[in-house]
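The following exercises concern the structure shown below.

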2 protein chains.
Amino acid sequence: MQRVADLDTPSMVVDLDRLEGNIARLQASLDELGLANRPHIKTHKIPAIGHMQVAAGAIGITCQKLGEAEVFADAGFHDILVPYNLVGGPKLERLTRLARRVKMTVAVDGPVTARAIAEACDVAGVEVTLLIEVDTGMHRAGVQSPEEAQSLARQIADSPGVRFGGLMCYPTKPPMGEFREAVRDLLARDGIPLEQFSGGGTGAQAVSKAAGCTEHRSGTYAYNDLSLWRAGHAEIDQCAMSVLVTVISTSCPGYSTIDGGSKTFTNDALQAGGVNGYVREYPDIFLEKMSEEHGVLNLSRLASGASGPRVGEKIHVIPNHACGTTNLHDVVYGYRAHGARPADGSLTGDEIIEVEWPVPARGKIR
Amino acid sequence: MQRVADLDTPSMVVDLDRLEGNIARLQASLDELGLANRPHIKTHKIPAIGHMQVAAGAIGITCQKLGEAEVFADAGFHDILVPYNLVGGPKLERLTRLARRVKMTVAVDGPVTARAIAEACDVAGVEVTLLIEVDTGMHRAGVQSPEEAQSLARQIADSPGVRFGGLMCYPTKPPMGEFREAVRDLLARDGIPLEQFSGGGTGAQAVSKAAGCTEHRSGTYAYNDLSLWRAGHAEIDQCAMSVLVTVISTSCPGYSTIDGGSKTFTNDALQAGGVNGYVREYPDIFLEKMSEEHGVLNLSRLASGASGPRVGEKIHVIPNHACGTTNLHDVVYGYRAHGARPADGSLTGDEIIEVEWPVPARGKIR
């Protein structure tokens, strides 16, 4: 029987009760809204957690890269959306191989990309569903106008090898309701139905519902993280994932240093305003800055006379960005807390490890 | 025969001529200064490149984590410095196991850490050399005064299992000369010699020399990166490492989007001032922002009428921070450029892959 407190550090640990609670809560919210749930696996990159999401009611999953889709197809997932422009011969060959064994849906935002996918699928004798990505303000991909969507939908509808499915956006924003209606009306004249509309973003499911989405993609909700807490989408005690670290130095006045930095937590800032991690055991101190292997805790908000953690003490840090952090860890430990949880959100000291998960979709950059 | 241009993307690629040139140039500089070379392997995390550094004249290597040291000890390196406070039972057991087979030197900055290492080494019947880390302004670790160093040196000199070696700092700063002399004079009264002084930082070797260092640690010089170019420590054509990516979208006016983001390049900002990557083929455009799998190129500095890269075009991006980027890639391709190199710094189109290196010290967070 292994306890979390006995793990070497840094180690990524997941509270299984909280993970299960997060999965159930989002599914209930989407069920109530009448939206299909297609969780994004980028947050955990672990098939076992994906199976928990499907068992709770998800209709399929979302992967951002083909390499992730390959790992999850191998692990028994049958319905995979890749909301990403897949470009280049090696990727199209991998896509058609995947499409032979699972239902593949892919997003595109331009005629060159759509044509290449259609040709590859036609030659391979498979069919892939294409969604048209719409830019909702990230300015990284997506068509800019309903007319552009119409033109691309016509091209897709006319191409063998692919099937026009509908629209995709990230994150869902309120103007998408009008955009969707405009595209639907334009396509109705051509007799092209707009069946699927995939929206996304943890906490944005009500926006997706209002915009007329048929399904919703969210990823970070499974673990939650400091950025979602700051955005009001999660409570601290709904943050299922943290990283166990050890204090290795108290030499610098006003600071304590831990054995994890940007190689353990990433430098993903998101909306964190200079705070890079929340310390469960010491809510008044925070991860201020990082180099690769050092994390520096600022002690200035400690009550006068209170002392920070001593050298050798292990503490749990909730990172800013769960997904980026996951991508840095080869192994994740799932535990269940026994005994009463302290009101201050710290640990019971009796966290028993139930499972050690490898992270097979980590590092799938292609 | 495989060409770089035919690789799937994103792929990390290394120009072997430039890598060899960087390794030779630093060694020559340290030889001229009379400083021993102890390169930091965190930049490449590849034993084959470490062996190139030793063949050029390095006396040993630097690893930031025990997991890196274990990989490099397995690969035949005999003299390893870990300039890091090693804290906790599992790490001390690993340290003593390493010390049985290679010469291990470790840095400490406090009495608790030094005592625990000494006791573990004494019990295990091995000897480890300890250096005292001095804080030169990073405020993440290191003693604050010569008197603190003296007290810790006395403790180490009196402990079985460990040997007092001297001082360590990162990065070397000019005041370290005075600090070192003060410590040397204090210790002389106790009859404790100050033998070794390990300084560090790419581009800081002359500062190390002036401060009285005996050896110098630098890591990023092997690859170089955009942050070193901005700091004046490398030319663009001395940047040996880049990431081959593909343009996947040109839908958003003024921008082009590539298939690599923070999961390919990190969000490590360093001194980059809003620029996160340099595009070899288009020096006027730059990587402005990233999400995990998207990188957004800003085209605003392109000459009027000039067009940016089209969808499907492959380009090479030199990242801000080589070390963080390395930690995200499982494989690195080493190539040699054939044919004349264009004056604009772009590629010849005839880059032939000579070696495919796994990155075995990637992800060694413990």
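## Exercises on a predicted two-chain model

**Exercise 1. Locate A:Asn224 in chain A, and determine whether A:Asn224 is buried or exposed.**

Solution. The model is a predicted one. Step one is the position: A:Asn224 sits in the loop of chain A that runs between strand E9 (215–217) and helix H9 (226–230). Step two is the backbone: phi of A:Asn224 is near 60°, a positive value in a residue that is not glycine. Most residues other than glycine have a negative phi. Step three is the burial: 20 or more other C-beta atoms within 10 Å make a residue buried. A:Asn224 has 25 other C-beta atoms within 10 Å, and is therefore buried.

**Exercise 2. Carry out the corresponding analysis for A:Lys45.**

Solution. In chain A, the loop between strand E2 (36–37) and helix H2 (47–55) contains A:Lys45. The phi of A:Lys45 is positive, about 60°, although the residue is not a glycine. A:Lys45 counts as buried because 25 C-beta neighbours lie inside 10 Å.

**Exercise 3. Identify where cis peptide bonds join B:Thr9 to B:Pro10 and B:Tyr170 to B:Pro171 in relation to the strands and helices of chain B.**

Solution. Begin with the bond between B:Thr9 and B:Pro10, which is cis with omega about -5°. B:Pro10 belongs to the segment that precedes strand E1 (11–15) of chain B. Continue with the bond from B:Tyr170 to B:Pro171, which is also cis; its omega is near -15°. B:Pro171 lies in the loop that connects strand E7 (162–170) and helix H7 (176–190) of chain B. As a general point, most peptide bonds are trans.

**Exercise 4. Check the length of helix H6 (residues 146–157) of chain B, and state what its buried residues pack against.**

Solution. The expected span is 1.5 Å times one less than the number of residues. For the 12 residues of H6(B) this gives 16 Å, and the end C-alpha atoms are 16 Å apart, so the two values agree. Next, list the buried residues of H6(B): B:Ala149, B:Gln150, B:Leu152, B:Ala153 and B:Ile156. An α-helix has 3.6 residues a turn, so residues three or four places apart point the same way. The buried residues of H6(B) pack against helix H5 (111–124), strand E6 (128–135), E7 and H7 of chain B.

**Exercise 5. Describe the placement and the contacts of B:Pro360.**

Solution. B:Pro360 is in the segment that follows strand E17 (351–358) of chain B. With 18 other C-beta atoms within 10 Å, B:Pro360 is partly exposed. Leaving aside residues up to four places away in sequence, B:Pro360 touches B:Pro47 and B:Val71. B:Val71 and B:Pro360 are 289 residues apart along the chain, yet their C-alpha atoms are separated by 6.9 Å.

**Exercise 6. Describe the contact between chains A and B, and determine which relation superposes the two chains.**

Solution. First, the contact: 54 residues of chain A are in contact with 54 residues of chain B. The elements of chain A that give two or more residues to this side are helix H4 (89–101), helix H5 (111–124), strand E10 (241–249), strand E11 (255–258), helix H10 (262–265) and helix H11 (322–326). By class, the chain A side has 16 nonpolar, 24 polar and 14 charged residues.

Second, the relation: a rotation of 180° with 0.0 Å of shift along its axis superposes chain A on chain B, with an RMSD of 0.0 Å. This is therefore the relation of a two-fold axis. Of the residues of chain A, A:Asn267 comes closest to the rotation axis, at 2.7 Å (C-alpha). The same surface serves both copies, since 100% of the contact residues of chain A recur in chain B.

Third, the confidence: the predictor gives the complex an ipTM of 0.96 and a pTM of 0.96. The mean pLDDT of chain A is 95, and 98% of its residues reach 70 or more.

Terms used. Residues numbered from 1 in each chain as written. Chains lettered and ligands numbered in written order. Predicted model: local features only at pLDDT ≥ 70, side-chain atom pairs only at ≥ 80, totals over all residues. Helix = DSSP H or I, 4+ residues; strand = E, 2+ residues; numbered from the N terminus. Buried ≥ 20, exposed ≤ 12 C-beta atoms within 10 Å, placed from the backbone. Contact = placed C-beta atoms within 7 Å. Nonpolar A, V, L, I, M, F, W, Y, C, P; charged D, E, K, R; others polar. Least-squares fit on C-alpha atoms with pLDDT ≥ 70 in both. pLDDT = per-residue confidence, 0-100.
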